[in-house]
Amino acid sequence: MSGFIIVMILVPALCSLLCWFLLADPLRQVTLALCESGEGAPFWSRVFLLLILATPLLTVLLLAPEHASASLWLDIREILKWALIGVVAQLLVLVLLVWRQVAFSRPKAAGTAIADHAGALQ
């Protein structure tokens, strides 16, 4: 039983750390680019880190089976499935947050210039 609990914590934690390893630098660059003065970038980097760490773990703790089965490998498979669902969910949230911020921070003049250019081509 204790192996099951350790796996329920380690598998999502490893998935989260892998995501953080892959996304830390690009997220830092995005937050620096989106925060005009740069003062808010450390806050948003930490928020993204907590989101990346917490979502897979919470998904596993809330949705994975509560009791160990006869096979630890089947348990690992089930826990990994829920951890990866949590990873995909947190990536979708990050993409949505960054996309909305980029879309709203674009200057309106650039959008009208693109539309004017497209109209001129026709």
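Because the model is predicted, local features are reported only where pLDDT is at least 70 and side-chain atom pairs count only at pLDDT 80 or more, whereas totals for chains, interfaces and linings use all residues. Residues are numbered from 1 along each chain as its sequence is written, and side-chain values use heavy atoms, with hydrogens and water left out.

**Helix 1**

- Helix 1 runs over residues 2-34 and has 33 residues, where helices are DSSP runs of H or I with at least four residues, numbered from the N terminus.
- From its first C-alpha to its last, helix 1 reaches 44 Å, close to the 48 Å expected at 1.5 Å a residue, the expected span being 1.5 Å times one less than the number of residues.
- A kink of about 50° lies at Leu23, shortly before Pro26; the bend is the angle between axes fitted to the seven residues ending at a residue and the seven starting there.

- Gln90 has its place in helix 3 and is buried, with a relative accessible area of 0%.
- Gln90 touches Cys19, Leu51, Ile52, Thr55 and Pro56, not counting residues up to four places away in sequence, where contact means heavy atoms within 4.5 Å.
- Leu53 lies in helix 2 and is partly exposed, with a relative accessible area of 31%.
- Leaving aside neighbours within four places in sequence, Leu53 is in contact with Ser16 and Leu17; Leu53 and Ser16 are 37 residues apart in sequence, yet 5.0 Å apart in space, C-alpha to C-alpha.

**Nonpolar core**

- The largest nonpolar core has 19 residues, of which Met8, Leu27, Ile52, Val60 and Ile79 touch the most other members; such a core is a set of buried Ala, Val, Leu, Ile, Met, Phe, Trp, Tyr and Cys residues joined through side-chain atoms within 4.5 Å.
- Helix 1, helix 2 and helix 3 each supply at least two residues of this core, and helix 1 gives the most, with 9 residues.
- Val60 touches Met8, Pro12, Ile79, Trp82 and Ala83, not counting residues up to four places away in sequence.

Notes
Buried < 20%, exposed > 50% of the residue type's maximum accessible area, 1.4 Å probe, protein only.
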